[in-house]
Amino acid sequence: MSKVRVLVGTRKGAFILSSDGKRQSWEVSGPHFTGWEIYHMKGSPADPNRIYASQTSGWFGQIIQRSSDGGKTWETPGGGMSMAAGRMPAGESNRFVYDTSSGTGNPLTTHQWYDGTQHPWEFKRVWHLEPSLTDPDTVYAGVEDAALFRSTDGAHSWHELSGLRGHGTGPKWQPGAGGMGLHTIILDPSNPQRIFIAISAAGAFRTDDGGETWKPINRGLKSPYLPDQTAEVGHCVHHVAMHPKRPGVLFMQKHWDVMRSDDAGDQWREVSGNLPTDFGFVIDVHAHEPETIYVVPIKSDSEHFPLEGKLRVYRSRSGGNEWEALTKGLPQSNCYVNVLRDAMAVDSLDSCGIYFGTTGGQVYVSPDGGDNWAPIVHDLPGVLSVEVQTLA
Amino acid sequence: MIRVELPQHLRTLARVNGDVQIEVEGRATIRSVLDALEAAYPALRGTIRDHDTLQRRAFLRFFVCAEDWSHESPDTPLPEEVCSGREPFMVIGAIAGG
């Protein structure tokens, strides 16, 4: 019988929630990495037992953890005591160095700071880890300050795909309230050379040559908080989602506005429709219905909680514009949590499960595509990220 | 033999209990102690000082014989009490937050 494994990153550790295909009773494992912020965990599609985790701390910086047994045990790649004779282990799994070589063109060294001045790029943390679709040892990392790194040796070492930061618009990128993070990485299953990424606050970008060169894909976005509302870059994109069987169609939750592109990001149009507010962070697509999408509307950029204290997921079965509120099993009074950008995921069981985590420490599941919801856990530390593995 | 006292989170990361004991060739300094520590426990690289600049991370402090050595030159020789193992070289997480 199929199983699901939910990987939950929180402000004070990681948790792994496991269930069978019914998704009614759950086993909770954790906290792992107690006391550390776990920005993101994700399993390899090529080997579900391989999981990568981004572990960070204001005191001790960045750590990358890796599991090869589905999260039972963990290691810092290259950080162990066993070493080949005469060779010092690299211990570089947490070393993220921006490329400054002349061979990459003119690597940019500054971006726009909050006061409009230019500021040097400084590594802060890994926001998102995206394992390759085909190779368990290849994984991408989206980091703050925004850049994309890749490891091809199981996270022992990392190298920047500097064509993104060297694209030429870097001086116009700027940090959002949460920092200047590269938070979304989408690998196109139909085209290994194509990757989509998104940055707050720069926008979305696409490569069609495996990461060598990039172009901004923000046409159609309109951001009233920018001097040029339709600028090429500078938009605060919160998250982007894609159905793997329809990789040309993208859905975006922007700071304000829910957007859709039918041509791999070349042009976007707004599909906020009848949402009660089009501010929010998460967006995701049903595993079997590419036109069914989910968002969690949040009141505003200064009031990061649901409207009227009612936690409502909104579902559109028409790829946007027409939305319905999903409330059954979710708190409908006095609820003032937030749902952060990487904290929603879907499984691929026959009846698609939808999951999301809140800053209040709840992780909710709907085993029936959003019709009915129940908390799996409700007292974790604030949830930063949720990913789901569907296991045979 | 030099004893290094680590914050709990770094002990967990290095998978050690209690003080770490390391050997340093020649007269020990902050730099040589950290070099030896990181060589023995590679998982600690980047957590106490930056991989490349070797600058101490902002929220960590170094204490030696009840004194704050955080701003001493990394090449200042450590006192005999530390070199002999009578006193630990302490890496302390700053009290920060609220």
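Chain B of this predicted model holds an open sheet of five strands, arranged in the order 2-1-5-3-4 with mixed pairing. At the edges you will find strand 2 (20-22) and strand 4 (67-68) of chain B, each of which pairs on one side only. In general, strands of a sheet pair through backbone hydrogen bonds, and they may be parallel or antiparallel. Strand 1 (residues 2-5) and strand 2 of chain B run antiparallel and are joined by three bridges.

Now bring in a helix. Helix 2 of chain B packs on the sheet, where it touches strand 1, strand 2, strand 3 (60-64) and strand 5 (89-93) of chain B. Its direction makes about 110° with that of strand 2 of chain B. Which residues of helix 2 of chain B are buried? They are B:Ile30, B:Val33, B:Leu34, B:Leu37 and B:Glu38. Because these residues cover an arc of only 125° around the axis, they lie on the same side of helix 2 of chain B. The buried residues pack against strand 1, strand 2, strand 3 and strand 5 of chain B.

Finally, turn to where the two chains meet. The contact takes 18 residues from chain A and 16 residues from chain B. On the chain B side, the elements that give two or more residues are helix 1 (8-14) and helix 2 (30-40) of chain B. Helix 1 of chain B gives the most, with three residues. By type, the residues on this side of chain B divide into seven nonpolar, five polar and four charged.

Technical notes. Residues numbered from 1 in each chain as written. Chains lettered and ligands numbered in written order. Predicted model: local features only at pLDDT ≥ 70, side-chain atom pairs only at ≥ 80, totals over all residues. Contact = placed C-beta atoms within 7 Å. Helix = DSSP H or I, 4+ residues; strand = E, 2+ residues; numbered from the N terminus. Nonpolar A, V, L, I, M, F, W, Y, C, P; charged D, E, K, R; others polar. Pairing = 2+ DSSP bridges. Axes fitted to C-alpha atoms, helices over the stretch in contact; angles between N-to-C directions. Buried ≥ 20, exposed ≤ 12 C-beta atoms within 10 Å, placed from the backbone. Arc of directions from axis to C-beta.
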